[in-house]
Amino acid sequence: MSNKRLTQARRNKLDEFYTQLPDIEAELKHYKQYFYGKIVLCNCDDPRISNFFHYFSYNFEFLGLKKLITTCYKSKERDLFSNNDSEHAIYLEYSGNKTGGRVPVAEEIGIKLLKGDGDFRSSECIELLKQADIVVTNPPFSLFREYVAQLIQYNKKFIILGNQNAITYKEIFKLIKENKIWLGASIHSGDREFQIPKNYPVTAVGHREDVNGNKFIRVKGIRWWTNLDYQERHEPLILYKKYTPELYPKYDNYDAINIDKTADIPCDYTGIMGVPITFLDKYSPEQFEILDLNPHFFSLKEQGLPKIKQLTLKSVGKKDPYARILIRRRGR
Ligand SMILES: C[S@@+](CC[C@H](N)C(=O)[O-])C[C@H]1O[C@@H](n2cnc3c(N)ncnc32)[C@H](O)[C@@H]1O
């Protein structure tokens with residue numbers, strides 16, 4: 001296999017992670033009020049295997065949805081890396097169970113063929129996106145930046161899964177700083193289990209196979225990303241530590257103090273503080289202002305201020321090797 005194809009293959013393999021129903025339920029319960037009369041789009045989802053399709057078709061009447069649209073990507077490397085045996089990219093539109101009774105499976109609703117490969121960026125998929133009010137899915141992690149950019153471009157509400165490292169992407173951080181997107185309500189630590197294709201070669205620690213040969217792996221650093229508001233993100237973090245210059249050394253090259261654990265943010269410091277990216281799990285926009293990110297320092301560039309490469313703490317004998325969010329308390 002050529003290098004190019006191998007890279008592509010690796011990417012495809014990484015994209016085939018199927019979200020588990022309890023994880024979807026745990027997040028979606030925070031947003032019920034937004035769904036009444038709305039069109040939901042799941043645009044990276046084979047309706048025959050997606051738990052997002054399952055969740056929304058099963059809860060269609062409970063949520064009062066207007067329509068559910070689900071589109072499936074036809075992977076070009078399908079026979080190698082996907083469980084899916086469809087020849088074509090497909091989609092379906094479900095407008096509820098008019099006759100009452102049980103929720104039909106995808107085939108009963110009527111699967112339609114897409115002209116292209118179902119890429120969320122294709123014009124026919126964008127036409128479906130335009131119809132949608134709220135997009136909910138787990139998109140391919142390798143295309144996360146592009147995926148979010150498209151949702152923002154078309155001004156869509158969304159609840160999607162991604163990795164917490166996306167916090168450090170320039171485009172994503174800018175949206176976080178502007179309070180246009182934030183982390184979801186239900187995942188703030190640990191790992192989550194995903195089903196993967198049976199032919200996926202797994203060596204990772206923490207993978208398991210059930211009695212039917214279905215394979216699962218646990219993935220760390222997963223977070224929900226959304227631009228729908230929920231109550232908990234407005235609750236302030238309880239701060240109890242007091243600032244002392246000894247406990248909270250200043251960086252040598254930036255007027256801010258270093259904080260290694262979010263829980264250690266002092267309650268009485270009003271200057272700039274460098275905190276770990278996991279701070280966003282506790283972030284309330286009324287309590288803190290987000291200013292910048294080490295090592296990118298976007299705002300320094302924007303203001304034409306001298307560049308720095310990385311925060312340094314030579315005074316305590318170390319360079320700060322971690323990404324840090326630079327924040328400041330709001331108010332007093
Ligand atoms: C992480 S998986 C999640 C699947 C499903 N949403 C779920 O959560 O169970 C991402 C899915 O996106 C599909 N995909 C990859 N590239 C895509 C693209 N350009 N457009 C739409 N879907 C794509 C993959 O085939 C894969 O099934």
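**Strand pairing and ligand shell**

1. V40 stands opposite L68 in β3. The two strands concerned, β2 (residues 39–42) and β3 (residues 67–71), pair in the parallel sense over 4 bridges, where strands are DSSP runs (E, at least two residues) numbered from the N terminus and two strands pair if DSSP finds at least two bridges between them.

2. This is a predicted model, in which local features need pLDDT of at least 70 and side-chain atom pairs count only at pLDDT 80 or more, while totals for chains, interfaces and linings use all residues. Residues are numbered from 1 along each chain as its sequence is written.

3. Strand β2 also pairs in the parallel sense with β6 (residues 134–137), over 2 bridges, and here L41 stands opposite V135 of β6.

4. A further set of 4 strands forms an open sheet in the order β1-β9-β11-β10, with antiparallel pairing. The edge strands are β1 and β10 (208–209), each of which pairs on one side only. Strand β10 is joined to β11 (residues 215–220) by 2 bridges, the two running antiparallel, and E209 has K215 in β11 as its bridge partner.

5. Around the ligand there are 20 residues, of which Y18, T19, C44, Y73 and N138 come nearest; a residue is near a molecule if its C-beta atom, placed from the backbone, lies within 6 Å of it. The elements that give two or more residues to this shell are β1 (18–19) and α3 (51–58), helices being DSSP runs (H or I) of at least four residues.

6. By residue class, the shell around the ligand divides into 9 nonpolar, 7 polar and 4 charged residues. Here Ala, Val, Leu, Ile, Met, Phe, Trp, Tyr, Cys and Pro count as nonpolar, Asp, Glu, Lys and Arg as charged, and the others, Gly among them, as polar.
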